[in-house]
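Please open the model in your viewer and keep the sequence panel beside it. The tour below goes from one selection to the next and says what can be found at each stop.

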Amino acid sequence: MSKLHERIQAQPPERLAGIRRGIEKEGLRVLPGGGLALTPHPPALGSALTHPHITTDYSESQIELITGAHRSVQASLDELTATHQFVYRVLQQQQPGGEMLWVSSMPCGLPTDETIPLARYGASNVGRAKSVYRMGLGHRYGRRMQTISGVHYNWSLPGVTSEEYFALIRNFRRQAFVLLYLFGASPALCPCFVAGREHALQPLGTGQHALYLPHATSLRMGRLGYQSDAQATLAVSYNGLEGYARSLYEALTRPYPAYEAVGVLNPGGEYNQLGTSLLQIENEFYGTIRPKRTVRSGERPLDALHERGVEYVEVRLMDLDPFASVGITAQTMRLLDVFLLHCLLSDSPLDTPQEIAELKRNQHLAAERGREPGLRLQRGGESIVLADWAAEVLAECVPLAAALDKAQGGDAHAAALEQARALVAAPEQTPSARVLAELQGRHADSFTAFALHRAEVARDDLLALPWSDAQQRQFAALAEQSLADQKAIEAADSLPFEAWRQQYMAIRPLA
């Protein structure tokens, strides 16, 4: 019996039933014609600063919906669905024709870079800092890159130590290509996204309405997506909490000449960014998965992680599913549970600089050419066909799916795994291939026409679901309370913003 099988059999069913998962789902507000909505975050949704479930990400136009952590996949999905229902009822009241949520990870028709509105969080010091941070991201990477959206999957299992979570993370990074292949859904984009940039994309069809790569799975996770030349200089190891924390600390305190040239203030005295180091704050570090710890009021995430350890992991590479009204399905969530459990329970050797470089190349290959027949990745310096490696990983997941089904009842995990295994042999059935097929077959090679149609379908499906007066009152009360909470934070401020910024940005040396 393999070590993995022994570890699976050693898991008490009550522990496996204790998996908790939550969802953070981003999406751009768009106009009926498919352009970016430039209106402020609707007041009826509450305060983006303090609402527990409805906020904004980079842009004022980019809504982020957040669920709590649930022991049931269906409970997570039910909460996400109800939050969408409320949001859509509010968006229907926005300007003539209403607004919708864009269902693709790659953005809609965008205005000029400087016209994309930054998220605003009010007059408090913490609210101003959030906006200044986003201004910094715009200076550093451009505003268009920050309009990319995705689904983050937060996951924990009872009794897992920080070192075990880092072992999970190392294995996840090794095998992340499997998820890009199975769930990548951004093989094409609007030409406006790469206007003025060098790229290797091809026009789809004879028009100029979409750019794509023939075998791409997730352009969002490729070279055109969340990438940074500055961050490429970071050598972040995931061999343990101490080393990871010190890598981030170094990035948070290392001066970076290009960002020093931008400066904290512009000549008019307005803020360009929070600081001039390689990272302004911890969340600026891009990655396919992050170790996380809930922070206390005013606490830096790195301090929370270093002092109290890893509480959960945040999976960050999932594209929005344009064929699902809320961007993700229960079946996908169950496959993620199986996959993450496999990453946790499998042997996980320490990473090396050579492997980290290898994994980055594998990520780009899987994102940009993942469905290419015979595509080969690197595993420990050896060449292996992506489909063979993916089939091997998913075959090892079979007893894990069975164990989860036994602990939670039913056969839903086994069914999700079987569908994933079938996709390895049928790349034409993957979401990325289905997106291209619809673009070409039903929408005259137009990315906007495809995504707009799917957004309309999602809107109509969500608005057709039952909605009670009690639900409306509950969400309206949450929105009202969040506005009151924001005012209370603003009233309690005692420091001038610059003094507050300097205090917040003073990174405490790690013990």
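**Stop one: a buried strand residue**

Begin by selecting Ile 23, whose place is in strand E1 (residues 20–30); helices (H or I, at least four residues) and strands (E, at least two) are here DSSP runs, numbered from the N terminus. This is a predicted model, in which local features need pLDDT of at least 70 and side-chain atom pairs count only at pLDDT 80 or more, while totals for chains, interfaces and linings use all residues. Residues are numbered from 1 along each chain as its sequence is written, and side-chain values use heavy atoms, with hydrogens and water left out.

Is Ile 23 buried or exposed? With a relative accessibility of 0%, Ile 23 counts as buried, where buried means under 20% relative accessible area, exposed over 50%, and partly exposed in between (1.4 Å probe, protein chains only). If you display its surroundings, leaving out residues up to four places away in sequence, Ile 23 touches Leu 65, Ile 66, Thr 67, Ser 76, Leu 80, Val 151, His 152, Tyr 153, Ile 328 and Met 333; contact means heavy atoms within 4.5 Å. One of these residues, Ile 328, is 305 residues apart from Ile 23 along the chain, yet their C-alpha atoms are separated by 9.3 Å.

**Stop two: the whole chain**

Now zoom out to the chain, in which there are 17 helices and twelve strands. Its radius of gyration is 22 Å, close to the 24 Å that the globule rule gives for 511 residues, so the chain is as compact as a globular protein of that length; the radius is taken over C-alpha atoms, and the rule is 2.2 Å times the number of residues to the power 0.38. Along its principal axes the C-alpha trace spans about 65 × 60 × 50 Å, and 58% of the 511 residues count as buried. Of the contacts with a separation of 6 or more, 75% are between residues 24 or more positions apart.

For a colouring by annotation, select residues 12–364, which an unreviewed UniProt entry lists as "domain: Glutamate--cysteine ligase"; UniProt positions are given in the numbering used here, feature names are shortened, and annotations may be inferred rather than shown by experiment. The end C-alpha atoms of this span lie 38 Å apart, and the span is 33% helix and 12% strand.

In soluble globular proteins, nonpolar side chains tend to be buried together. The largest nonpolar core here has 151 residues, of which Trp 155, Leu 168, Phe 172, Leu 182, Leu 317, Leu 335 and Leu 341 touch the most other members; such a core is a set of buried Ala, Val, Leu, Ile, Met, Phe, Trp, Tyr and Cys residues joined through side-chain atoms within 4.5 Å. Helix H5 (residues 162–183) gives the largest share of this core, 13 residues.

**Stop four: a buried glutamate in a loop**

Move to Glu 282, in the loop between helix H7 (257–262) and strand E9 (289–292), and buried, with a relative accessible area of 7%. Its side chain is joined to that of Arg 300 by a polar contact of 3.1 Å, that is, a pair of N or O atoms within 3.5 Å, of which, within protein, one must be able to donate a hydrogen and the other to accept it, residues adjacent in sequence counting only if both atoms are side-chain atoms. The Glu 282 side chain also reaches the backbone nitrogen of Leu 302 at 3.0 Å.

**Stop five: a hairpin**

Finish with strands E11 (residues 376–379) and E12 (residues 382–385), which run antiparallel and are joined by four bridges; two strands pair if DSSP finds at least two bridges between them. Arg 376 has Val 385 as its bridge partner in E12. The two strands form a hairpin with two residues between them, and Gly 380 in the turn has a positive phi of about 60°.
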